[in-house]
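I have a new structure open and want to get my bearings. These are my notes on what I looked up.

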Amino acid sequence: MDKQIRSRVSLFNPVHFLALGFGSGLAAKMPGTFGTLAALPLVVLLSHYASFSIYLGVTLLVSVAGIWICGKTADDMKVHDDSSIVWDEVAGMLITMIAVPLSWQTLVAGFVLFRFFDILKPWPISYLDKHVHGGFGIMIDDVLAGVFALCVLHIGLAFI
């Protein structure tokens with residue numbers, strides 16, 4: 001992120017703080033990967049200490065609120081979907097791990113699968129990424145990457 005864009009956001013602004021993945025999106029290289037890593041403590045916390053319905057509720061809240069959070073931050077930055085906006089990765093990782101029995105192996109598998117679909121962007125993810133704008137556009141490709149990763153992870157777990 002260049003200095004001019006960076007000057008338009010602040011980690012002291014709660015909306016920017018969330019959109020930037022608690023600051024992880026400011027990583028010089030691979031901010032999406034660091035944003036996904038920032039989601040892991042939340043995944044672990046919810047998986048261990050929350051009921052399934054609370055996990056789903058938090059995931060839905062993160063995803064829906066992310067439309068406004070990411071859209072507002074992108075507007076403030078005057079850049080659509082800057083790579084430092086990684087709240088969508090947080091939502092995508094939460095989606096990936098829905099109803100997955102948590103272990104270090106499933107966490108790694110979920111992380112790798114989500115990053116795979118988020119980076120590769122197979123159709124229809126690539127179509128949405130290019131044609132849908134605003135906060136919804138920022139969120140939808142990662143939500144769908146999370147759904148793809150969730151499906152592959154559950155199919156894989158069914159065969160173990």
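This is a predicted model: local features need pLDDT of at least 70, side-chain atom pairs count only at pLDDT 80 or more; totals for chains, interfaces and linings use all residues.

**Helix 4 and its neighbours**

I started with what helix 4 packs against: its buried residues are in contact with helix 1 (3–6), helix 2 (14–19), helix 3 (31–49), helix 5 (87–96) and helix 8 (134–158). Helices here are DSSP runs (H or I, at least four residues), numbered from the N terminus; contact means heavy atoms within 4.5 Å, and buried means under 20% relative accessible area, exposed over 50%, partly exposed in between (1.4 Å probe, protein chains only).

Residues are numbered from 1 along each chain, and side-chain values use heavy atoms, leaving out hydrogens and water.

Among the buried residues of helix 4 I found Y55, V62, G66 and M77. Helix 4 also has a kink of about 40°, centred on G66 (the bend is the angle between axes fitted to the seven residues ending there and the seven starting there). After helix 4 comes K78, with a positive phi near 60°.

**Aromatic pairs**

How many aromatic pairs are in the whole structure? My search gave four, counting rings of Phe, Tyr and Trp (its six-membered ring) with centres within 6.5 Å; planes under 30 degrees apart are stacked, over 60 edge-to-face, the rest tilted. F116 and F117 have ring centres 5.1 Å apart and planes at 75°, so they are edge-to-face. F117 counts as buried at 10% relative accessibility, whereas F116 is partly exposed at 45%. I also noted that ring pairs link F17, F22 and W87 into a cluster.

Conventions
Helices (H or I, at least four residues) and strands (E, at least two) are DSSP runs, numbered from the N terminus.
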